[in-house]
Structures are given as structure tokens and as C-alpha cells.
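User: I would like a close look at a single part of this model, the ligand site, and then the rest of the picture around it. Please keep it brisk.

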Amino acid sequence: MAENTLNEQKKIILSGIQPTGTITLGNYLGAVKNWQSMQSQFDSIFFIADLHALTVRREPAEFRQTALNFFAQFLACGLDPNQAIMYFQSHVHQHTELQWILNCNTYVGEASRMTQFKDKSAKHADNINMGLMDYPVLMAADILLFQSDLVPVGIDQKQHLELARDIAIRFNNRYGDTFKVPDGYIPKTGAKICSLQDPTAKMSKSDTDQNATVSIIDDEATIVRRFKRAVTDSGSEICVREDKPGITNLINIYSAIEGKPVEAVEKEFAGQGYGTFKIAVGEAVAAKFKPIREEYMRYMADKAYIAEVAADGAQKAAGLAERTLKKVKKKVGLVSF
Ligand code: TRP
């Protein structure tokens, strides 16, 4: 987007990702690859949700580097600053400003019922901070600030999206039409890529078992090795079946990476052993990620460029966000001259 305004004809899509670890195969197939293919069709806003990531204790220097790396990974995956607005959430103060006003229109009961809040509270029992409970309200602010039409999210964020819709509807009813009520967009393919070590669980970038994930910036040897070690199932047939979560996951990965339907993948590998199949999947993934890794290294060697793109993105985002925020402040009765 060259202008500081969005094209009024196109729908607005917005999504964010927390900068922890690196972008995994699961994030890539479930999110970033879809964003990349949507960016020409929509007015797109993609941001690094660094404030959300602070709900868990982080080592500051490492966190800063991880967030910077994420921005380079966005670029390496083909997110294009000429088409999409890309920035760090913390660089656009309107997010947290709107969050406060939304906080005053969200019930503690709603926030404390969120599944992720309950899960994270159990997991980080020594750090149940206010931010953990307020996390979905910040996410609602992210979304509503830009009058987003479509919000691509994983299935685990669906409840948060519904809360954002509830908050928008409540606010609109109370103060008059202010926010666009957004729709979720859960992509059909690649929405659930599972762990290579526990194929019943989602692949997570914060998994402590290195063998469970592959990253878009891993080298070929690492990727192939992880796939060789992937957990498979009993039997020997290569097909998608409920009692074969390991093989099903590998078929889904190969299908998404190669752009082939699942049935075609089953045919292609019919009669072959698990070992051969695992190597083939690993090699396909490695081949796909090789140019991404190379682009990533190129961007990481040019921090000035990253800084420039991020500053430009933040400036554009702030301009758009300010329009909504001004309207909101007026609606709730804050003084302005
Ligand atoms: N909570 C999302 C996640 O962890 C990231 C996120 C933050 C987000 N703000 C958002 C996603 C707004 C979509 C829209 O996946």
C-alpha cells in the first residue's frame, strides 16, 4: 500500500503472530503462507504481537532479537511491504490506548472464562499476571482498531475472536455504530499441522522438544533429520486415517507443501515404507524452505532496511488506527478540542 489510506473497495484483513522461537512449519502452512497469498487481494495488515508475548516472562535481550528475527522472517516468506502494512505492535500506541477503553466495556467474567487464560494460568501458576487475563482484550483492540473485515486465526484463537465480536457489538449498541464486526477466517488447508513427536497435539513454536517442530529457517540436514525421527503409527499403510495420526500429519504436510490433494499423495506413496515416505516429506519441506532461509539471511544482514520497513509500517498503521481511536474517544465522552 503506497498511500497512507486503505483502498475503500478492498476488504481489510488483519493478523498477528507472537514473536517466540521462530516461525515453524505449522505457522507457515497455517498462517503466513495464506497471508502471503491473500495480500494482493485484500488490504492487509500483519504485525508482530510483541506486547502479547510479554504476558510470559522473557529475557529482554533474547526477546528483542527474536522479535527482530520475526520481522525478517515475514519478509523472507514473501510478505511484501508494498502490498501489506507490516509493523511491531508496540510501535503503535493506539493498540493499548484502545485496549483501555475496551477494558471498561469487557466483563471480568468474560475474560476469565477464556480457555487460553485458564490453560496458561495452570501452566504459569507462578505468574498469573493481569496481562494474561487482558490478553484477549488487547487482541480485540488490535482487530477493531483497523475496522478489519477478516481475521485469519488458528482454531485456538477462535474464542478470542468471538470475544472481539461481542465487545464490538456491545460497544456499537451502547455508543452507536463505531466498529466493524469482524469475521474469522480459518483456512481449510494447513490449519492444523501437528507436532512431529506427538501428532495428536498442534505443532507449537514454544515446544521444548526440538524434534517436535521444524522452522522455516532450519537448514536442510536439520529438517530431514527431524522428519526421519518423526513419530509414526503401527502398520505400514500410507493413508489418512483416524488411527494413524502420525502418517496423517505427514501426508497433510506433504500435500500442503507440494500443493497436491491428499488422495494424490496417498497414491504416490502407495506400497512404500514409512522410512522412505518420511525422507520424501523432509526433502520436500527442506526444498521449500531453502529460498526462505536464504532470503532471511539476506534481510538479517541489512538491519537498516528492516528498520525502515518497520518504521514505515508503524506510521501507516498509526494513521489508520488514529481515525478509529478519535471516533471512540468522542463516543465515550472524552474531552477533545
Ligand atoms: N493471539 C494470537 C496468537 O497467539 C496473535 C494475535 C494477537 C492476533 N493479536 C491478534 C491474531 C489479532 C489475529 C488478530 O496466535
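How far from an oxygen atom of the ligand does a polar side-chain atom of glutamine 18 lie?

Analyst: The distance is 3.3 Å, from a polar side-chain atom of glutamine 18 to an oxygen atom of the ligand. Bear in mind that this is a predicted model.

Start with the site itself. There are 14 residues around the ligand. Those that come nearest are Gln18, Tyr135, Met139, Asp142 and Gln157. Two of these residues face nitrogen atoms. A polar side-chain atom of tyrosine 135 lies 2.7 Å from a nitrogen atom of the ligand. For glutamine 157, an N or O atom in the side chain is 3.0 Å from a nitrogen atom of the ligand.

Now the loops. Helix H7 spans 130-144, and the loop between this helix and strand S4 (150-152) holds glutamine 147. Its phi is near 55 degrees, a positive value in a residue other than glycine. Most residues other than glycine have a negative phi. Glutamine 147 has a relative accessible area of 18%, so it counts as buried, the limit being under 20%.

Threonine 106 is another loop residue. It is found between helix H4 (94-103) and helix H5 (108-112). With a relative accessible area of 12%, threonine 106 is buried too. A polar atom of its side chain lies 2.7 Å from the backbone oxygen of leucine 102. Beyond residues up to four places away in sequence, threonine 106 touches Val137, Ile167 and Arg170.

The largest core has 60 residues. Leu25, Phe71, Phe74, Phe227, Ile253, Phe277 and Val285 have the most contacts inside it. Helix H12 (residues 274-300) gives this core its largest share, 12 residues. A second, separate core has 37 residues. It includes Ile167, along with Phe117, Phe179 and Leu325.

Leaving aside neighbours within four places in sequence, phenylalanine 74 is in contact with Ile17, Ile23, Trp35, Phe46, Phe47, Ile48, Leu79 and Met86. Aromatic rings gather here as well. Trp35, Phe46, Phe71, Phe74 and Phe88 form one aromatic cluster.

Across the whole structure there are 13 aromatic pairs. In one of them, the ring centres of phenylalanine 71 and phenylalanine 88 are 5.1 Å apart. Their planes are at 25 degrees, so the pair is stacked. Phenylalanine 71 lies in helix H3 (residues 60-76) and phenylalanine 88 in strand S3 (residues 84-88), so the pair ties together parts 17 residues apart in sequence. Both phenylalanine 71 and phenylalanine 88 are buried. A charge meets a ring elsewhere: arginine 298 lies over the face of tyrosine 299, at 5.0 Å from the ring centre.

Last, asparagine 211. This residue is found in the loop between strand S5 (183-185) and helix H9 (220-228). Its C-alpha is 8.6 Å from that of serine 195, and the two residues are 16 apart in sequence. Not counting residues up to four places away in sequence, asparagine 211 touches Leu196, Gln197, Arg226 and Arg229. With arginine 229 there is a polar contact of 3.5 Å between the side chains.

Technical notes. Residues numbered from 1 in each chain as written. Predicted model: local features only at pLDDT ≥ 70, side-chain atom pairs only at ≥ 80, totals over all residues. Heavy atoms only, no water. Core = buried A, V, L, I, M, F, W, Y, C linked by side-chain atoms within 4.5 Å. Buried < 20%, exposed > 50% of the residue type's maximum accessible area, 1.4 Å probe, protein only. Helix = DSSP H or I, 4+ residues; strand = E, 2+ residues; numbered from the N terminus. Contact = heavy atoms within 4.5 Å. Phe/Tyr/Trp six-rings, centres within 6.5 Å; stacked < 30°, edge-to-face > 60°. Lys NZ or Arg CZ within 6 Å of the ring centre and 35° of its normal. Near = heavy atom within 4 Å. Polar contact = N/O pair within 3.5 Å; in protein donor to acceptor, adjacent residues only side chain to side chain.
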